[in-house]
Structure formats: C-alpha cells, structure tokens
Amino acid sequence: MLRLLTAGESHGPVLTAIVEGFPAGVVVDKEAIDAQLRRRQSTYGRGGRMKIERDCVEILSGVRKGITLGSPITLQIRNRDWENWIEVMSPDPEQIVEEKETAKAVTRPRPGHADLAGGMKYRQQDLRNVLERASARETAVRVAAGTLGRLLLDSLGCWIFSHVVQIGSAAAPAYGPDVDYTDLAEAAARSPVGCADGRAAAAMMAEIDAAREREDTLGGVFEVVCIGLPPGIGSYVHWDRRLDARLAAAVMGIPSVKGVEIGLGFRGAGIEGSGYHDPIYYADGRGFFRKTNNAGGLEGGVTNGEPLVLRAAVKPIPTLGKPLASVDIGTKRETAAAVERSDVCIVPAAAVVAEAMVAWVLADAVIEKFGGDTLEEIRRGWKEYLAYLESI
C-alpha cells in the first residue's frame with residue numbers, strides 16, 4: 001500500500017525520500033520530524049560528522065498547510081558537509097578537481113563494509129562510489145519518512161518507543177511481564193544511550209569511552225515496542241504478508257543490524273513449548289488476553305493484541321581507528337583498510353531508525369487492513385473494528 005524510495009549519497013548535496021500511497025488528512029508537524037532527526041544525531045557514541053550536520057526536513061510536495069494531500073510526499077534533508085566535498089562528489093564533471101578526487105579515492109576495502117563486494121558488483125575502481133550510498137547516513141531520511149507512519153499511528157492511539165538493552169558486554173537487567181512501558185519509555189528517553197536502567201547506562205557509556213580510547217567500535221542490542229495495536233493486523237495467508245517477516249526485513253535493512261527477533265525469539269530456542277507459549281484468558285470488559293507476552297504480540301504473522309516487542313542485534317561498525325588487514329584493489333598488495341570519519345557505537349541511533357522503520361511497516365499494515373484514501377476513512381474502519389472486537 002505504501003511505497004518508499006530514498007536517494008542520495010553520504011557526502012552528496014541532499015538526501016531525498018519519496019513517499020507514495022500515504023493517506024490524505026494526516027496532520028504533519030515538521031517539528032515532530034525534526035525532533036526524531038535530532039534523536040538520531042545526538043545519541044552517545046556518535047562521531048565527528050554529527051558535529052557538522054544539523055538535520056532538519058524540508059517538505060517539498062504532498063503536504064499543504066501542514067496536512068497530507070494523498071499525493072506523493074517528497075522529503076529532503078540537506079548535507080551541510082557537501083560544501084567540503086563538491087570538488088570530489090559533484091555530479092558535474094566540470095566541478096571535479098582531479099587532485100582532490102584522487103586524494104579521497106578509496107582502494108583499501110574495510111572488512112565488514114559493502115566496499116569490496118559492492119565494488120565487485122558494480123565494477124568500481126574507486127570504492128567511494130560504493131561506500132557513499134552504503135553509508136548509514138542515508139538512514140536520516142528514512143527516519144523522516146518513518147515519522148510520517150508514526151504520525152498516522154499516533155492519530156489512532158498507538159505509540160512506539162525503543163530502549164537499548166546491551167552495548168558491548170554491558171547489559172540492562174531483564175524486565176518481567178508486569179513492566180510499566182510508560183516508565184520504561186520515559187527512563188530510556190532521559191538516557192544518553194537510550195537505556196532505561198541507570199546503572200547499566202553508566203556501564204554502557206564507560207564501555208563506549210574505553211572503545212574510543214582503543215580506536216575500536218562496539219555493537220549491542222535494542223528493543224522496539226509498539227503499544228495499542230489491536231489483534232488482526234498483518235496476515236497469515238501468504239509468506240510475504242506476515243507482519244513479522246515484513247518487520248524483520250525493514251529492520252534488517254538498517255546498516256549493521258545482523259539479527260532480528262520477535263518476543264523471546266532466539267532466547268526461547270532452548271525452552272519447551274509449555275514454557276514458551278502464552279496461555280489465553282478471557283474476562284468480561286477485557287476480552288481475550290495473555291498474562292505473558294513471549295510471542296511479542298505476534299502469532300502466525302498477525303498481531304494478537306498484546307504489545308508488539310521486537311529486538312535487533314547490531315554489529316560493531318566496520319570503520320576502525322586502527323584498521324584491520326586488507327588488500328589494495330589496484331595493486332593487490334596487502335595493506336591496512338581505509339579509515340573514514342565515523343562513530344564508536346551506533347546502537348542508540350540505530351534504535352531510533354528502527355522505531356521509524358517499525359512505524360512505517362505498521363502504518364502500511366494498518367492501511368492494508370482498513371483501506372481508505374483518507375485518515376477519516378481509516379479511523380472509521382478502525383473504530384468499527386474495535387467495536388466488533390468488544391462484541392465477541
């Protein structure tokens with residue numbers, strides 16, 4: 001139902017998103033989008049690039065007087081660092097300065113990055129032609145587009161948040177089935193690393209500081225939670241319409257994410273079925289419910305009414321201050337990998353990007369379920385469906 005295309009290079013002039021299929025009548029608060037962009041930029045462990053950029057969205061089409069029109073929406077984020085790269089990255093060959101282009105050429109691929117595989121795929125001799133698009137810088141415009149989905153969900157009474165549960169070897173304690181998600185979200189929002197547990201957050205920041213001193217990088221785990229989804233969002237009838245598959249694909253598409261789980265996921269692999277699955281209960285005024293949520297709010301690719309809980313594992317980013325061994329693709333001689341300006345830890349920032357992508361997928365599934373070209377039609381279908389659920 002929804003389609004999203006993004007374009008732009010890390011050191012190009014702009015990042016652009018085109019959104020198609022978004023319903024008319026949704027109020028778009030530019031500041032709400034910019035607030036999510038600031039969250040992505042300001043997390044602990046980011047590098048020097050974020051001191052240059054001041055990400056804010058420009059809405060070029062599809063919105064009039066702050067309300068979506070139903071036509072394609074164009075979003076743009078300018079790269080302030082472009083001014084320093086015009087003579088290297090310009091689409092206009094007359095603006096290129098050969099000496100500067102040569103100085104910025106990349107021929108020593110970084111282990112763990114798209115450099116070498118992408119260079120082989122597209123037959124590139126300068127791997128900058130790969131890394132500029134493969135860079136996680138592109139996720140800024142995904143956050144902007146995903147925030148449109150968040151605004152749609154907000155208007156239906158759903159809300160999404162994330163929190164970091166592990167960075168390096170520092171991990172937050174597990175929470176039980178009686179967790180207060182509001183408290184969890186508020187505590188995570190106050191933390192520089194997005195961790196709701198103060199002691200664990202301090203340990204995470206200490207690990208990041210130590211890795212920075214060693215010129216190394218760190219990965220970790222984050223969790224995204226969505227509250228307020230009724231049962232029945234998604235589908236079990238085709239593999240590509242299962243909501244868990246769609247969510248996993250969207251989150252795995254974030255650079256450095258190497259694993260996604262719903263509910264207990266990998267952690268439940270050693271548990272017997274009698275201890276894994278969530279018993280079903282019924283109460284007047286509440287309907288069907290669970291006392292546990294090991295399924296993470298999804299069964300058979302369909303929401304079951306419990307909070308949707310998704311976790312993702314993030315690898316350490318591949319650009320190291322003390323680079324690993326590599327081979328120059330021109331000379332074929334062994335050498336150290338290239339070094340680009342980068343971060344120490346992107347786990348908290350990746351969690352913000354994942355919120356946006358989860359919101360995007362859920363908004364798509366909601367439109368698929370309730371149809372309509374306008375928010376008014378979607379709300380009407382949503383309300384009627386909730387009334388049906390209350391009647392059974």
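These are my entries, in the order I looked things up.

**Entry 1: what kind of model**

First a reminder to myself: this is a predicted model.

I started with the UniProt record, where an unreviewed entry carries the label "binding site" for Arg133, Ala134, Ser135, Gly300, Lys315, Pro316, Ile317, Pro318, Thr319 and Arg341.

Ala134 sits in helix 6, which covers residues 128-134. Skipping neighbours within four places in sequence, I found Ala134 in contact with His113, Ala114 and Pro255.

Pro318 belongs to the loop between strand 15 (308-314) and strand 16 (325-327). Is Pro318 buried or exposed? Its relative accessible area is 16%, so Pro318 is buried, as the cut-off for buried is under 20%. Not counting residues up to four places away in sequence, Pro318 touches Arg110, Pro111, Gly112 and His113. I noted that His113 turns up in the contacts of Ala134 and in those of Pro318.

Arg40 is in helix 1, and with a relative accessible area of 3% it is buried. Arg46 lies in the loop between helix 1 and helix 2 (49-52). At 16% relative accessible area, Arg46 is buried as well. What does Arg46 contact once neighbours within four places in sequence are left aside? I wrote down Arg40, Gln41, Arg212, Asp343, Cys345, Ile346 and Ala349. So the two arginines of this annotation are in contact with each other, because heavy atoms of Arg46 and Arg40 come within 4.5 Å.

**Entry 2: helix 1 against helix 12**

Next I looked at how two helices pack. The axes of helix 1 (residues 30-42) and helix 12 come within 7 Å, and they cross at roughly 150°. That makes helix 1 roughly antiparallel to helix 12, since angles over 145 degrees get that name. On the helix 1 side, Gln36, Arg39 and Arg40 meet Ala349, Val352, Val353 and Glu355 of helix 12.

**Entry 3: the nonpolar cores**

How many residues does the largest nonpolar core have? I got 80, and the ones with the most contacts inside it are Ile167, Phe222, Leu243, Leu247, Val251, Leu308 and Leu362. Helix 12 (residues 347-370) gives the most to this core, with 17 residues. Another core lies apart from it and has eight residues, including Phe161, Leu184, Ala185 and Val309.

Last, I zoomed in on Ala351, which is found in helix 12. At 2% relative accessibility, Ala351 counts as buried. Residues up to four places away in sequence aside, Ala351 touches Ser162, Phe222 and Val224. I also checked Ala351 against Gly12: they are 339 residues apart along the chain, and their C-alpha atoms are separated by 25 Å.

Technical notes: Residues are numbered from 1 along each chain as its sequence is written. This is a predicted model: local features need pLDDT of at least 70, side-chain atom pairs count only at pLDDT 80 or more; totals for chains, interfaces and linings use all residues. Side-chain values use heavy atoms; hydrogens and water are left out. UniProt positions are given in the numbering used here, feature names are shortened, and annotations may be inferred rather than shown by experiment. Helices (H or I, at least four residues) and strands (E, at least two) are DSSP runs, numbered from the N terminus. Buried means under 20% relative accessible area, exposed over 50%, partly exposed in between (1.4 Å probe, protein chains only). A nonpolar core is a set of buried Ala, Val, Leu, Ile, Met, Phe, Trp, Tyr and Cys residues joined through side-chain atoms within 4.5 Å. Axes are lines fitted to C-alpha atoms, for helices over the stretch in contact, and angles run from 0 to 180 degrees between N-to-C directions. Angles under 35 degrees count as roughly parallel, over 145 as roughly antiparallel, 65 to 115 as roughly perpendicular and the rest as oblique.
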